[in-house]
Amino acid sequence: MASASLASRVKKGDRRALAKAITLVENGGRGSSELLDSIGRTGKAFVVGITGPPGTGKSALVDRLVTAYRRKGLRVGVVAVDPTSPITGGALLGDRVRMTRHAGDRGVFIRSMASRGWPGGLSTGTSLVIQLLDASGFDVVLVETVGIGQSDIEVVGVSHAVLVVLMPGLGDDVQASKAGLMEVGDVYVVNKSDLEGADAMVVNLLGLVRGLRTRSPAVVKVSALKGEGLDKLEAALERLRERVASGDRDMLLRSIRGMIVETARGRLVDAYGRFDESKVQALSRKVLSGELTVSKAAARLLP
């Protein structure tokens, strides 16, 4: 009953209930599955993944997008997946140091989540948080990844649309990303357009896009810092949002499939990835004394 009550408050847009629910599902607390079952069917929010190499200005771009969507009267949720503290296991960055100008806006909800070593730049609870934000009435959910390069492509799975953020001067990094980031974007954003080489990067990206057979992603040049070129980015995203709103089956199924897979993986981690520390310490002592190899110790740690 407690889960059903919390779910009801979330669906009514209660921000405190939403924060409590997010903490519950992120930590895999008792009642989290029941809470999500009580939430029921979601899928109205437009989910945008923002990914790309570190230092390309993803957070600044998210800030600009929040402002743009709020100007249209849309409610915006932001899931900012941060690197994990090796000491606490929590996010090293945090909500309070991001996008402070939106802090007092009741139409914006920003949540930082620790990646906790999860491959693909996402946290194990990302899809669950997206569902909660959706259920709470947010029209758009922006998911910003850690920014760890090619493995960030997991954001594709849970999103309706993916922004790949790049910047001039990446050089070989772009070449190295062709097999990953360069194949997943719905919009490629060349940020920091005032830097030398921005036009050349746009030309290179347009050449790559022309070679794609199954899709036609947009390429836009912006300066998130100066607010330049954002109208073209907003227009590209709006076309994608309209497709989702009109029931584009492929876009909807891509996101649903990704959420199912990520949720299942998260439950596997919860079931098998959290080890008894006392057992780990005992096995470590046996390895140190020469009784076991690391490989045999690891085997004994598994169920």
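Biologist: Which residues form a nonpolar patch on the surface?

Modeller: Happy to start there, keeping in mind that this is a predicted model. Together the patch members have about 270 Å² of accessible area, and they are L253, I256 and I260.

Biologist: Nice! What residue forms a salt bridge with D105, and how many residues apart in sequence are the parts that the pair ties together?

Modeller: The partner is R70, with the closest N and O atoms 2.9 Å apart. R70 belongs to helix α4 (residues 58-71), while D105 lies in the loop between β2 (76-82) and β3 (108-114), so the pair ties together parts separated in sequence by 35 residues.

Biologist: Is E238 buried or exposed?

Modeller: E238 lies in helix α9 (residues 230-245), and its side chain meets that of K72 in a salt bridge at 3.4 Å, N to O. K72 is partly exposed because its relative accessibility is 42%. For E238 the value is 18%, and the cut-off is under 20%, so E238 counts as buried.

Biologist: Which residues are linked with K72 in a network of salt bridges?

Modeller: The K72 and E238 pair joins distant parts of the chain, 166 residues apart. The network that includes K72 also takes in E238 and R241.

Note on methods:
Residues are numbered from 1 along each chain as its sequence is written. This is a predicted model: local features need pLDDT of at least 70, side-chain atom pairs count only at pLDDT 80 or more; totals for chains, interfaces and linings use all residues. Side-chain values use heavy atoms; hydrogens and water are left out. Patches are made of residues with over 30% relative accessible area and no salt bridge: like charges are joined within 9 Å, nonpolar side chains (Val, Leu, Ile, Met, Phe, Trp, Tyr) within 5 Å. Accessible areas come from the Shrake-Rupley method with a 1.4 Å probe; for residues, only the protein chains shown count as cover. A salt bridge is a side-chain nitrogen of Lys or Arg within 4 Å of a carboxyl oxygen of Asp or Glu. Helices (H or I, at least four residues) and strands (E, at least two) are DSSP runs, numbered from the N terminus. Buried means under 20% relative accessible area, exposed over 50%, partly exposed in between (1.4 Å probe, protein chains only).
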